[in-house]
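Please consult the sequence and the model shown below before reading this briefing.

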Amino acid sequence: MNEAQLAAVVDAVVKELLAAGAVAPRPAAASLASLPSVDATPLTPMAMPARGPVASTAVKPVPPSAAQDLVIDLPDPATSEARYAPGVKQPKDPEGLQALVAATTARIGVGRAGPRYTTRALLLFQADHAVTQDALYRAVDQRLLDELGLFTVQTKVTGGKQEYLLRPDLGRQLSDAAKRLITEKCTRGPDIQVVVGDGLSAAAIEANLRQMLPVIRQGAQAAGLTLGTPFFVEFCRVGVMNDIGDLLQPQVLILLIGERPGLGRAESMSAYMAYRPKPGDTDADRDVICNIFEGGGTNPLEAGAYAIQLAQKMRRSQASGVKLKLAS
Ligand code: B12
């Protein structure tokens, strides 16, 4: 197919789209410079060379056509208004659909274009996925750790986040250097030991730690409990509690850790807790206060107070996890 034939096909498709109302024609007077740059991607990549400097070298310009009069200008799909607007065209029960969509954060009623997602639904998915990836792959802000006086140790993960994701077993063990530093800096046998771990979301730690840690500190003080020196574990999994318990012998260990982010929700932190954790313990020996975040989850201030209550309960019952349930 030569360029003229290609341009003819493009023109035919564009005319069909315009006739069907699937895209809006650009006002005749508008210049190319007035195009909103990112959102207004021309529909036909084949027509693009005519607009850029590349055209003069590689590909001959496509003659002026209906394709060049197009503007596809989608509003930001991530605003809450757009996010919860049903995408189904001509629903049988619009109010019912609106109520369903408003009742859940799940992606329902997103509509479709033929057998595919609409561009709006796809862009929203990609935007939310980007938030997730960002929270997962980046490190917790060092300034926050400094501000809260936390020193950092690492697990046996040495190959960055990629290895962390592929080898959960390494994230459950402290490195030898970490063991030495913890032994050197921390007091043994406190009533409560707080540890912070990046886990699966740096954003979760950044969003909640500044609020929750002081409440735990104050709560422990008010309850007359000794608090060990808190520290930060990079590349951390929940199972690292066993190694820390073995080293420091706290009565109760509280691990504040970033939860696996959901699409578009990355600020959720958990407090995993255990009574006298030791090698060989499993999740059946632990409890978790989950979904700690402001605006819909467990508020970090309340979570801090609750963690202290739970710690006292564990100390009284000398148990955690399933054993604590059975004891109470
Ligand atoms: C991933 C996940 C799982 C995975 C864990 C596998 C893995 N290797 O990652 C699977 C599918 C096995 C799982 C199972 C269960 N889970 Co789960 N899980 C989650 C989820 C989605 C993310 C957890 C996370 O990000 N952890 C942080 C990362 C860094 O930790 P990790 O070291 O990589 O993984 C450990 C933890 O995830 C831990 N874990 C996972 N679930 C639970 C539940 C409890 C009670 C405990 C103590 C530990 C624990 O197990 C992993 C291995 O040690 C959370 C949702 C949330 N909002 O947190 C629910 C969540 C923690 N799970 C929950 C529950 C109830 C369970 C089960 C008890 C369900 C059941 N009835 O069988 C089991 C218990 C499993 C166990 N480990 O003993 C609840 C806890 C509610 C509560 N407050 O007690 C949550 C909050 C989901 C919810 N909203 O209901 N879970």
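This is a predicted model: local features need pLDDT of at least 70, side-chain atom pairs count only at pLDDT 80 or more; totals for chains, interfaces and linings use all residues.

Residues are numbered from 1 along each chain as its sequence is written. Helices (H or I, at least four residues) and strands (E, at least two) are DSSP runs, numbered from the N terminus.

**The sheet**

- Six strands form an open sheet with mixed pairing, in the order β3-β5-β4-β6-β7-β8; two strands pair if DSSP finds at least two bridges between them.
- Strands β3 and β8 (286-292) stand at the edges with a single partner strand each, so one side of each has no neighbour in the sheet.
- From one strand to the next, the twist averages 25 degrees.
- Strand β3 (residues 151-154) pairs with strand β5 (residues 231-234) in the parallel sense over four bridges, and Gln154 stands opposite Glu234 in β5.
- Strands β4 and β5 also run parallel, joined by three bridges, with Val195 opposite Phe231 in β5.
- Strands β6 and β7 pair in the antiparallel sense over seven bridges, and Gly258 stands opposite Met269 in β7.

**Helices across the sheet**

- Helix α11 lies across β4, β6 and β7 and runs at about 145 degrees to β6. Axes are lines fitted to C-alpha atoms, for helices over the stretch in contact, and angles run from 0 to 180 degrees between N-to-C directions.
- Helix α12 (residues 300-317) lies across β4, β6, β7 and β8, at about 10 degrees to β7.
- Helix α11 (residues 241-248) is mostly covered, with six of its eight residues buried: Met241, Asn242, Asp243, Ile244, Gly245 and Leu248. A residue is buried if 20 or more other C-beta atoms lie within 10 Å of its own, exposed if 12 or fewer, and partly exposed in between, with C-beta atoms placed from the backbone.
- The cover over the buried residues of α11 includes α9 (176-185), β4 (192-197), β6 (252-258) and β7 (269-275).

**The nonpolar core**

- The largest nonpolar core has 56 residues; such a core is a set of buried Ala, Val, Leu, Ile, Met, Phe, Trp, Tyr and Cys residues joined through C-beta atoms within 7 Å.
- Helix α10 (residues 202-222) supplies the largest share of this core, ten residues.
- Leu253, Ile254, Leu256, Ala271, Met273 and Ala307 have the most contacts inside the core.
- Apart from its neighbours within four places in sequence, Ala307 is in contact with Ile216, Ile254, Ala271, Met273 and Ile289; contact requires C-beta atoms, placed from the backbone, within 7 Å.

**Residues with positive phi**

- Gln249 follows α11 and lies in the loop between α11 and β6. Its phi is near 50 degrees, a positive value in a residue other than glycine.
- Gln249 counts as partly exposed because 16 C-beta neighbours lie inside 10 Å.
- Asn291, in strand β8, has a positive phi of about 55 degrees although it is not a glycine.
- Asn291 is likewise partly exposed, with 14 other C-beta atoms within 10 Å.

Methods:
Two residues are in contact if their C-beta atoms, placed from the backbone, lie within 7 Å.
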